[in-house]
Amino acid sequence: LEMCRIAEKDGITQMVATPHALNGVYTNSAEAIIKEVDRINKILVEHKINIKVFPGADVHIAPNLVQQVKNNLVLTVNANKKYILCINVY
């Protein structure tokens with residue numbers, strides 16, 4: 001909450017949550033991320049913090065990444081299948 005208060009004071013009104021996904025360590029499903037982002041947004045409203053958080057993920061590049069996006073197994077920014085935050089660790 002404090003980080004969001006600071007961001008709000010800096011003029012930020014929107015953020016994207018980007019937990020790690022598909023890296024062999026973290027198993028953050030799209031469904032779980034969306035559920036937690038909804039929870040965070042409700043808490044922000046309760047605390048009168050004017051920031052909206054959108055779902056997303058920090059996705060590792062993998063051979064089957066395109067198929068996983070098509071099957072809704074990987075979360076794109078705001079779950080709209082337009083943008084994805086990818087990192088290459090190879």
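Cysteine 86 is partly exposed, with a relative accessibility of 31% (buried means under 20% relative accessible area, exposed over 50%, and partly exposed in between, with a 1.4 Å probe and protein chains only). The model is predicted, so local features need pLDDT of at least 70 and side-chain atom pairs count only at pLDDT 80 or more, while totals for chains, interfaces and linings use all residues. Residues are numbered from 1 along each chain as its sequence is written, and side-chain values use heavy atoms, with hydrogens and water left out.

Cysteine 86 belongs to strand β5. Helices (H or I, at least four residues) and strands (E, at least two) are DSSP runs, numbered from the N terminus. Apart from neighbours within four places in sequence, cysteine 86 is in contact with Val59, Ile61 and Leu65, where contact means heavy atoms within 4.5 Å. Isoleucine 34 lies 52 residues from cysteine 86 in sequence and 18 Å from it in space, C-alpha to C-alpha.

The wider layout can be set out next. The protein has three helices and five strands, and from the N terminus on they run α-β-β-α-β-β-α-β. Its C-alpha atoms fill a box of roughly 40 × 25 × 25 Å, taken along the principal axes. Of the 90 residues, 27% are buried. Among contacts with a separation of 6 or more, 62% join residues 24 or more positions apart.

Strand β5 is part of an open sheet of three strands, in the order β2-β4-β5, with parallel pairing. Two strands pair if DSSP finds at least two bridges between them. β2 (20–21) and β5 (85–87) stand at the edges with a single partner strand each, so one side of each has no neighbour in the sheet. The pairing of β2 with β4 (residues 58–60) is parallel and runs over two bridges. In this pairing, alanine 21 stands opposite valine 59 in β4.

Most residues other than glycine have a negative phi. Asparagine 78, although not a glycine, has a positive phi of about 60 degrees, and alanine 79, also not a glycine, has a positive phi of about 55 degrees. Asparagine 78 is partly exposed, at a relative accessible area of 36%. Alanine 79 is partly exposed too, at 42% relative accessibility.

The structure holds two salt bridges, a salt bridge being a side-chain nitrogen of Lys or Arg within 4 Å of a carboxyl oxygen of Asp or Glu. One of them joins arginine 5 to glutamate 2, with the closest N and O atoms 3.7 Å apart. These two residues are three apart in helix α1 (residues 2–9), so about one helical turn separates them. Arginine 5 is partly exposed at 30% relative accessibility, and glutamate 2 is partly exposed with a relative accessible area of 48%.

The other salt bridge joins the side chains of arginine 39 and glutamate 36, at 2.9 Å from N to O. Arginine 39 and glutamate 36 are three residues apart in helix α2 (residues 30–46), and therefore about one helical turn apart. Arginine 39 is partly exposed with a relative accessible area of 44%, and glutamate 36 is partly exposed with 36%.

Rolling a probe the size of a water molecule over the atoms shows where empty space is left. On a 1 Å grid over the protein atoms alone, a pocket is an open set of points where a 1.4 Å probe fits, with protein on both sides within 12 Å along at least five of seven lines; lining residues have an atom within 4 Å of a point. The largest pocket has a volume of about 190 Å³, a volume being the space filled by probe spheres set on the points, which are joined across faces, edges and corners. The elements that give two or more residues to its lining are α1, β1 (14–16) and α2. The largest share, three residues, comes from α2. The lining consists of Leu1, Met3, Cys4, Met15, Val16, Ala17, Ile40, Ile43, Leu44 and Val53. By class, the lining has ten nonpolar, no polar and no charged residues (Ala, Val, Leu, Ile, Met, Phe, Trp, Tyr, Cys and Pro count as nonpolar, Asp, Glu, Lys and Arg as charged, and the others, Gly among them, as polar).
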